[in-house]
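I set out here what I looked up, entry by entry.

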Amino acid sequence: MFCEKAIELIRELQRMSDGQLPAFNEDGLRQILQEMESLYEQNQSDVNEAKSDGRAELIPSIKLRHCCLLRNQRCVAAYLYDRLLRIRALRWEYGSVLPANVRFHMCAEELQWFSQYKKSLASFMRSLGADGLDITQDMKPPKSLYIEVRCLKDHGEFEIDDGTVILLKKNSQHFLPRWKCEQLIRQGVLEHVMS
Amino acid sequence: MFVTDIRKEFYEVVANQRVALLVASDIDALCACKILQSLFHCDQVQYTLVPVTGWQDLGTAFLEHKEQFRYFVLINCGANVDLLEMLQPDDDSVFFICDTHRPVDVVNVYNDSQIKLLIKQDDDLGVPSYDDIFRDEDDEEGGDSGNESDEGSEPSGKRRRFDEGAVERRIERQRAKREWEARRREILFDYEQYEYHGTSAAMMFFELAWVLTKDTKDMLWWAVIGLTDQWVHDKITHMKYVTDIATMQRHVSRHNHRNEDEENSLSIDCMRISFEYDLRLSLYQHWSLYESICNSSYTSCNFKLWTLNGQKKLQEFLADMGLPLKQVRQKFHSMDMSIKENLREVIEESSNKYGMKDIRIQTFGVHFGYKNRFLANDMVHACAALLESAEKDDGDNFINALDSLSRSNLDRLHSGIDLAKRKLIAVQQTVASCICTNLILSQGPFLYCYLMEGTPDVKLFSKPMALTLLCKYLLRAFVHSTRNKRCKLLPLIMAAPRDVEKGTVIVVGIPPESETSDKKNFFGRAFEKAAESTSSRTLHDHFDTSIIELKTEDRSKFLDALITLLS
């Protein structure tokens, strides 16, 4: 049946509903484009035939194929757009450097889009305030400037803003500025201790 | 040197700096650490907390952190040894030591620049005066060299006359020096011979919080737990405990008189600390009364529950109070209200008849929410069980125990209480079996008991605090059960297997049991000397010098050396 491949692409994205980025389905996309091309060509020939020979009974099939083409287009556009939205969310969650496994799932154009997005976000942030403001931190207003964290595994040395170095050893607890720890908390090296 | 104004000389110094906290593994240290952490959170002082279990740990932790930190706070470790000698720090490192171990090493007392002791100077210390121990070498050298330079510049004729005078003076000086040194050795020996404990570290930090007017009920509760830990583990005398309880009672009443009357009563969820004159039965509110009586050392030793006679006496005791067995064996919460109402007075009356005059002890309890009531010694037992749990390693245990002290981690506290119950049962059974099988042998100057490897629950007793607890209960039980008058006054040494693969045992020595004991322990020095003389392979790693590790093969020669040393 027509448009099945397109629905499959959409379902693929729906399966990963928590915002993860699945691998770019290059094959699927190519198949859809091929299908669209064949549909278009069939339509093209049928339209010529209908015009020249006056065969009105071809018109429903032309209409059907046209609808399929539009549907395919819509599905593909939705797929690509949803992926871009997820990639944009990745910037806010992971920072400007994406982990390698995520980058692997993006195609070249998406990577390009990502770097453009990064650039425009950075220039926007620079324009705020006197020397720029990093708005990707502290999505919710923080309760305190410093938090207590516990080290879950040996991570070696860690440098904080004023240059001092802290040795992160397993089972040691530290009281550090919140923004420095968030990255490590996400990575699972530190654990926020709430007393 | 001793810190006189703890706010100016300690807190204001570290308030803008980054501090490393090195905390020993005992409940008092954990409580002190919690209090200090809350103060630091208030003032946003950045710190790093590192748990240490012994001298080696302390050395490693110091080496790892000495590049990054200038200020170190040591809690319950470091006072009783020459710290600068051991750690070899740079000149700008400053150590703030709050330690209950006494005697404080004289070098730590008289060092003015790098060591600051957060200890009250009148805390029963008896430190020898400076001139008795340290002598400026310059005085006599100056005298000598002055003479020598004189001699050098004088012509040879006069030199001979000066020679005789100089030689006499030198002989005189040397004799005085030898006398002084002999007296110094004696003074130091007397000073360092006995090991004991001073005021709780948690109470010191609570006082700091009070001086800063940043004290809260949580901190007060932790201070109470720290003090109770010293009492449960028999580190301080009864007199000192009662005095410190009175101090805490003043703080408790100050915190409690806050607009509480019928109109403005506090919500049930607020934390209330109350003074209790409560029973000396461990964990009785979280257990059944019967189990608690069977497994608390005070009642068990007085009734001699390991004998048949003792069991009968216990039944009589319960009958005398009119408590039905069915009620008494139920969980305490489910006992009839009519029984629970006057329970303490009823038990006190009956126990007076059975010779237990001190079944009630002054302590504090906390109450928050509808279900949560805890006595201070419940918390100590739970926390100690978590701290020395055999299932996890030291670092995790420290974290678990530290967390269980917060009121928001009640599930951890309850798991701690379960572990504590198992530990108390294990202690009781081990005591019973040791007494019944006569495992305690009198070696002359001391009693000795060795736990064999196959003993049930022996893994629990490879940890220092648990073994010390067992040791004290055992000694008390022995004193109650033996008829030999002389044996009642002897101290006890206990050994238990620590690490089967490495073949080591842990050896603990405690002073003799008596009503008026001052809890001073001489085994630290004795163990050191015995180990030296027999060249046994020992590890004096623990902060309490009376707890050491020894290779199993060296056990017998070590003991023989101890016997000769102490008789």
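I took helices (H or I, at least four residues) and strands (E, at least two) as DSSP runs, numbered from the N terminus. The model is predicted, so I noted the limits that apply: local features need pLDDT of at least 70, side-chain atom pairs count only at pLDDT 80 or more, and totals for chains, interfaces and linings use all residues. Residues are numbered from 1 along each chain as its sequence is written, chains are lettered from A and ligands numbered from 1 in the order in which they are written, and side-chain values use heavy atoms, with hydrogens and water left out.

**Entry 1: chain A as a whole**

I counted six helices and five strands in chain A. Along the sequence they follow the pattern α-α-α-α-α-β-β-β-β-α-β. Chain A is more spread out than a compact globule, because its radius of gyration is 26 Å, well over the 16 Å that the globule rule gives for 195 residues. The radius is taken over C-alpha atoms, and the rule is 2.2 Å times the number of residues to the power 0.38. I also noted the box filled by the C-alpha atoms of chain A, roughly 85 × 40 × 25 Å along the principal axes.

Of the 195 residues in chain A, 34% are buried. Buried means under 20% relative accessible area, exposed over 50%, and partly exposed in between (1.4 Å probe, protein chains only). I took contact to mean heavy atoms within 4.5 Å. Among the contacts in chain A with a separation of 6 or more, 60% join residues 24 or more positions apart.

**Entry 2: annotated regions of chain A**

I consulted UniProt, where annotations may be inferred rather than shown by experiment; its positions are given in the numbering used here, with feature names shortened. An unreviewed entry lists "domain: GINS subunit" at residues 56-128 of chain A. I found that stretch to be 84% helix and 0% strand, with its end C-alpha atoms 63 Å apart. UniProt (unreviewed entry) also places "domain: DNA replication complex GINS protein PSF1 C-terminal" at residues 143-194 of chain A. Residues 143-194 are 19% helix and 42% strand, and their end C-alpha atoms are 12 Å apart.

I then looked up D138(A), in the loop between α5 (108-127) and β1 (146-151) of chain A. D138(A) is partly exposed, at 33% relative accessibility. Setting aside residues up to four places away in sequence, D138(A) touches R178(A) and E182(A).

On a 1 Å grid over the protein atoms alone, I took a cavity as a set of points where a 1.4 Å probe fits but cannot get out, and a pocket as an open set with protein on both sides within 12 Å along at least five of seven lines; lining residues have an atom within 4 Å of a point. Grid points are joined across faces, edges and corners, and a volume is the space filled by probe spheres set on the points.

How many cavities of 30 Å³ or more are there? I recorded three. The largest cavity has a volume of about 50 Å³, and its lining includes W221(B), F368(B), R407(B) and L410(B). β9 (360-368) and α20 (410-436) of chain B each give two or more residues to this lining.

The second largest pocket holds about 970 Å³. Of its 34 lining residues, R280(B), Y298(B), R476(B), E513(B) and E515(B) lie nearest its centre. The largest share of the lining, six residues, comes from α21(B).

**Entry 3: chain B, buried parts**

I found N372(B) in strand β10 (residues 372-375) of chain B. N372(B) is buried, with a relative accessible area of 14%. Beyond neighbours within four places in sequence, N372(B) is in contact with V366(B), H367(B) and L410(B).

Helix α9 (residues 201-211) of chain B is mostly covered, with eight of its 11 residues buried. Among these are M203(B), F205(B) and L208(B).

**Entry 4: backbone geometry**

Most residues other than glycine have a negative phi, and most peptide bonds are trans. I noted that the peptide bond from R102(B) to P103(B) is cis, with omega near 0°. C3(A) has a positive phi of about 65° and is buried, at 9% relative accessible area. Phi of Q88(B) is near 50°, and Q88(B) is exposed, at 52% relative accessibility.
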